[in-house]
Amino acid sequence: SLETQSNVSVEIVDIAGKVVKTIEQGNQAAGNYSITLDAKEFAEGSYFYTFTVGEERVTKRMIITK
């Protein structure tokens, strides 16, 4: 959810620190958005994803199991 217009991107990094996927959403207007990932693109394991919205960055962990 964006309160103001912002540049948005998502970066997914594996446990070794290698960037495995980058999603550039560009400049987005205020509003609610969602991103869908296909787990087939990733091997099982732990990953970190970082949302960058303007100058703010939030990093969380995700685990993919198959």
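Me: Over how many bridges do strand 1 and strand 3 pair?
Reply: In this predicted model, strand 1 covers residues 6-14 and strand 3 covers residues 45-53. The two strands run in the antiparallel sense where they pair, and the number of bridges between them is seven.

Me: Which residue of strand 3 is the bridge partner of Val-13?
Reply: Strand 1, made of residues 6-14, pairs with strand 3, made of residues 45-53. Within strand 3, the residue that forms the bridge with Val-13 is Phe-48.

Me: Which strands stand at the edges of the sheet?
Reply: Four strands form an open sheet with antiparallel pairing, and their order is 2-1-3-4. Each edge strand has a single partner strand, so one side of it is left without a neighbour in the sheet, and the strands in this position are strand 2 (19-28) and strand 4 (56-64).

Me: Is Ser-9 buried or exposed?
Reply: Ser-9 belongs to strand 1, and, leaving aside residues up to four places away in sequence, it touches Ile-23, Glu-24, Gln-25, Thr-50, Phe-51 and Thr-52. Its relative accessible area is 14%, and a residue counts as buried under 20%. Because 14% falls under that cut-off, Ser-9 is buried.

Me: Which strand gives the most to the lining of the largest pocket?
Reply: The largest pocket has a volume of about 420 Å³, and 16 residues line it, with Ser-1, Leu-2, Val-8, Phe-51 and Val-53 nearest its centre. Strand 1, strand 2, strand 3 and strand 4 each give two or more residues to this lining. The element that gives the most, with three residues, is strand 4.

Conventions: Residues numbered from 1 in each chain as written. Predicted model: local features only at pLDDT ≥ 70, side-chain atom pairs only at ≥ 80, totals over all residues. Heavy atoms only, no water. Pairing = 2+ DSSP bridges. Buried < 20%, exposed > 50% of the residue type's maximum accessible area, 1.4 Å probe, protein only. Contact = heavy atoms within 4.5 Å. 1 Å grid on protein atoms, 1.4 Å probe; cavity = no way out; pocket = protein on both sides within 12 Å on 5 of 7 lines; lining within 4 Å. Points joined across faces, edges and corners; volume = space filled by probe spheres on them.
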